[in-house]
Amino acid sequence: MALIRLLTRLSGYVHLKQGLECLGASSPSKRLQQHTAAHSSSCSYQLQPDCLELSYGGLVMHFDYVWLRDHCRSASCYNSKTNQRNLDTASIDLNIRPSKSRVDENNLFLTWPDGHITRYNLTWLAQNSYEGQKRSAVQPRILWSADIYSSAEVPSASWDKFMSCDEELKNFLNNFLLYGIAFVEGVPPTLEATETATQRVSLIRETMYGRMWNFTSDFSRGDTAYTKLALDRHTDTSYFQEPCGIQVFHCLRHEGTGGRTLLVDGFHAADAVLQRTPENFELLSHVPIKHEYVENLSEHRNHMIGIGPVLNVYPWNNEVYMIRYNNYDRSVINTVPHDEVRRWYAAHRQLTAELRRPDNELWVKLKPGKVLFIDNWRVLHGRESFTGLRQLCGCYLTRDDVLNTARSLGLQA
Ligand SMILES: C[N+](C)(C)CCCC[C@H](N)C(=O)O
Ligand SMILES: O=C(O)CCC(=O)C(=O)O
Ligand SMILES: [Fe+2]
């Protein structure tokens, strides 16, 4: 196998630096290598029997030939106006191999057996390689305990600026992405203003609870949320196949005592389990669990079922992207044999112990004017029991559209 080696001076340092930043954290020795490479970079590649091995920017990457053909960005294979693939992937010979290959300073060129030529930008390859993805987080975040969150002194957005200034919205969303919670203050204490605030961020996700809800402890629905009782930490709508992405709360009125809101970073707790007992993390991220909502009132009849592990992780880097934790709504476990179920209970116990550590509990008293956005895929909420009239309004938001807004403002989401 011919080894083609190319040593080039890099045309732009910035160009390389950007490419490398996308690769995320690396070991000190790798960082040193990358640093040296800032002045002159080496790119080498080798056509292996089953893949192309590319060494660039301190990273050794492997690209399957079918993958390479499938990712051709030429005008006939890819429509760059719509960012959609034109190429029919099913027409690629699964044993395809390039007949010719070469590199220049910034690109790799492959000629396919039918004469078609593909040009790949080397930085693009590095950013989109499996090896590059494995090292980087999809969503950068700050895991928090109550102390970490409080000392960060994360500012709330202020209503006027939030509604009129994109920079304020961007800061708000940046905090939301980093911590999984964010506040807007100075919002008029009405359902309408709350709705207006949420529409700045996303689309409302209507559920069987309605579009916007405004609830008190009148037991108008068959759920403990509609009482004065305390609620332990949980995520909502765990009984949906896709639990609601964001929950918004605005306390419009409370004449009485208690009723504080509890917030806990579920990803922080999951990370503690991963660090201490990886086999428990493994069980929580693989054993499928059922959650169920059965409502049997004359005006409301609902039966919802959601099945999935407590921790949902990306398979290529084990990054947790969703926690589904609601002991009230967890249903019968019948998907696991008895010897595994005991181990699952032990893992669940460890996660629960982390979630219940007092130093992980952030308590806030919601007041009229202060709107709380919670990432319901990450941060658990609960409440203290209360007395008196307490009126809470809010809604759920569609997750894709929150992330869409964040990306449109230039954030990584
Ligand atoms: C928010 N809102 C009051 C409308 C609904 C409450 C839903 C409560 C349910 N047990 C769950 O955790 O999903
Ligand atoms: O009353 C509260 O503060 C929250 C109740 C709750 O968990 C919910 O509505 O989802
Ligand atoms: Fe809830």
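Which residues are around ligand 1? In this predicted model, where local features need pLDDT of at least 70, side-chain atom pairs count only at pLDDT 80 or more, and totals for chains, interfaces and linings use all residues, the residues around ligand 1 are Y209, W213, F215, D223, A225, H234, D236, T237, N326, Y328 and D329. Residues are numbered from 1 along each chain as its sequence is written, while chains are lettered from A and ligands numbered from 1 in the order in which they are written.

## Ligand surroundings

A residue is counted as near a ligand if its C-beta atom, placed from the backbone, lies within 6 Å of the ligand. The shell around ligand 1 divides into five nonpolar, three polar and three charged residues, where Ala, Val, Leu, Ile, Met, Phe, Trp, Tyr, Cys and Pro count as nonpolar, Asp, Glu, Lys and Arg as charged, and the others, Gly among them, as polar. Ligand 2 is surrounded by A225, L231, D236, T261, H381, R383 and L392, a shell made up of three nonpolar, two polar and two charged residues.

## Annotated spans

Helices (H or I, at least four residues) and strands (E, at least two) are DSSP runs, numbered from the N terminus.

## Sheets

Two strands are taken to pair if DSSP finds at least two bridges between them. One open sheet has three strands in the order β7-β8-β9 with antiparallel pairing, and its edge strands, each pairing on one side only, are β7 (100-103) and β9 (117-121). The twist of this sheet averages 15 degrees from one strand to the next. Four bridges join β7 to strand β8 (residues 107-111) in the antiparallel sense, and R102 stands opposite F109 in β8.

Another open sheet contains four strands in the order β14-β23-β16-β21, again with antiparallel pairing, and its edge strands are β14 (231-234) and β21 (362-364). Its neighbouring strands are turned by 20 degrees against each other on average, direction ignored. Between β14 and strand β23 (residues 379-383) there are two bridges in the antiparallel sense, and H234 stands opposite H381 in β23. Helix α10 packs on this sheet and touches β16 (261-265) and β23, its direction making about 40 degrees with that of β16.

## Helix packing

Axes are lines fitted to C-alpha atoms, for helices over the stretch in contact, and angles run from 0 to 180 degrees between N-to-C directions. Helix α10 (residues 266-276) packs against helix α11 (residues 278-286) at an angle of about 130 degrees, with their axes 5 Å apart. The two helices are therefore oblique to each other, given that angles under 35 degrees count as roughly parallel, over 145 as roughly antiparallel, 65 to 115 as roughly perpendicular and the rest as oblique. Here A270, V273 and L274 in α10 meet P278, N280, F281 and L284 in α11, where a contact requires C-beta atoms, placed from the backbone, to lie within 7 Å.

Helix α11 also packs with helix α12 (residues 338-356), at an angle of about 105 degrees and with axes 9 Å apart, which makes α11 roughly perpendicular to α12. In this contact, N280, L283 and L284 in α11 meet R343, W344, A346, A347, H348, Q350 and L351 in α12, and the residues divide into six nonpolar, three polar and one charged.

Note on methods
Two residues are in contact if their C-beta atoms, placed from the backbone, lie within 7 Å.
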